[in-house]
Amino acid sequence: MAITAPDYSVKGKVAIVTGSTRGIGRAVAEALAEGGAAVVITGRKQEACDKVAAEIAAEGYKAIGVATEVTKAADRENLIAKTVEAFGRVDILVNNAGVGGAPKKMIDMDEAYFDLYVDADIKGLYFLSQLAARQMQAQGCEKGTHPYRIINVGSVAGIKSPIGDTVYGSCKAAVIHLTRIMANELARFGITVNSVAPGYVLTDMTKDVIADEKNAAAVNRMITLRRYAQPAEIASVIRFIAAPAGGYLTGVNIPIDGGMVLN
Ligand SMILES: NC(=O)c1ccc[n+]([C@@H]2O[C@H](COP(=O)([O-])OP(=O)(O)OC[C@H]3O[C@@H](n4cnc5c(N)ncnc54)[C@H](OP(=O)(O)O)[C@@H]3O)[C@@H](O)[C@H]2O)c1
């Protein structure tokens, strides 16, 4: 009997990863490059994008950097155009860029903070997904196949109810829900749409929270595995969703949280 091995390769795919100059996004870009995809590195500064792209290319992988402020329509359009110009297509979009890590209670809330989070964490993701989906629709695919991927990075803050996260948590809850509706709308174009919800990951976003020993211990107690995640542990799940092995998932949210949602 021939045994069919699961296919975790993304060879020949073209992947855009927003917010990939550092943190989770960078680990995702590296994991996809290692899997054989050409990757597009984005962040707000061209220099930082170029640096990461050059480091990935130095390992023998395909990568370019395209500075993109996800809240700006012109930047989103430029990102898709530059990707198509360089690699001819878009197969995978990972909507990872976002703001977070500065909890603020509702009683102290101001509109500037609210708008910053909504624009970066929902609006940018929404309209970049729209552009990517239009590109994927134009590329086409064989009827009954679903080769394209949109993968959104949510958060456990969108599932649990952490104090100080009315805005961030609500944005991330919206990400989880719009993932489900987008999955329903975009299946006909050969696109699956899923989200992941990381718990606490060691990145710039969490370094201030974790720097305070008392805070760090309190957070640790909420995690069943009693440790924070490394960015690569989020990236490996995203790589699985992006690969043919994850091809029958759509509209799903996967918590990658060491068991935080259990507590
Ligand atoms: N770290 C965690 O514990 C954790 C937990 C749950 C969910 N998440 C989510 O995971 C994602 C990545 O988080 P991270 O911890 O890796 O963050 P990070 O280390 O702060 O990195 C954020 C990345 O996003 C980019 N970025 C931020 N705002 C942007 C904007 N308006 N336009 C374009 N790019 C922007 C940054 O690029 P530049 O600064 O170079 O422009 C950077 O590359 C976020 O969506 C976050 O909400 C993180």
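Two strands pair if DSSP finds at least two bridges between them. The names of helices and strands come from DSSP too: helices are H or I runs of at least four residues, strands are E runs of at least two, and both are numbered from the N terminus. What you see is a predicted model, in which local features need pLDDT of at least 70 and side-chain atom pairs count only at pLDDT 80 or more, while totals for chains, interfaces and linings use all residues. Residues are numbered from 1 along each chain as its sequence is written.

Let us begin with strand β5 (residues 148-153) and β6. These two pair in the parallel sense over six bridges. Along them, Tyr 148 has Ile 191 in β6 as its bridge partner, and Arg 149 stands opposite Thr 192 in β6. Together with α5, β5 and β6 make a right-handed β-α-β unit. Right-handed here means that, with the strands pointing away from the viewer, the path from the first strand over the helix to the second runs clockwise.

Now look at what surrounds these strands. A residue is buried if 20 or more other C-beta atoms lie within 10 Å of its own, exposed if 12 or fewer, and partly exposed in between, with C-beta atoms placed from the backbone. In a regular strand the side chains alternate between the two faces of the sheet. In β5, Tyr 148, Ile 150 and Asn 152 point one way, Arg 149, Ile 151 and Val 153 point the other way, and all are buried. Strand β6 (residues 191-198) is covered on both faces as well: Ile 191, Val 193, Ser 195 and Ala 197 are buried on one side, and Thr 192, Asn 194, Val 196 and Pro 198 on the other.

β6 runs parallel to strand β7 (residues 253-256), and four bridges join them; Val 196 has Ile 254 in β7 as its bridge partner. β4 and β5 also pair in the parallel sense, over four bridges. The chain crosses from β4 through helix α4 (residues 111-139) to β5, and this β-α-β crossover is right-handed.

Is Asn 95 buried or exposed? Asn 95 is found in strand β4 (residues 92-95), and it counts as buried because it has 28 C-beta neighbours inside 10 Å. Leu 178, in helix α5, is partly exposed, because 19 other C-beta atoms lie within 10 Å. Arg 226 sits in the loop between α7 (213-221) and α8 (231-242). With 10 C-beta neighbours inside 10 Å, Arg 226 therefore counts as exposed.

Next comes the nonpolar core, a set of buried Ala, Val, Leu, Ile, Met, Phe, Trp, Tyr and Cys residues joined through C-beta atoms within 7 Å. The largest one has 68 residues, and Ala 15, Val 17, Val 28, Leu 32, Val 39 and Ile 238 have the most contacts inside it. Helix α5 (residues 166-186) gives the largest share of this core, eight residues.

Finally, turn to the ligand. A residue is near a molecule if its C-beta atom, placed from the backbone, lies within 6 Å of it. Which of the 31 residues around the ligand come nearest? They are Gly 19, Gly 23, Gly 43, Arg 44 and Gly 98. Two helices, α1 (23-34) and α6 (204-211), each supply at least two residues of this shell.
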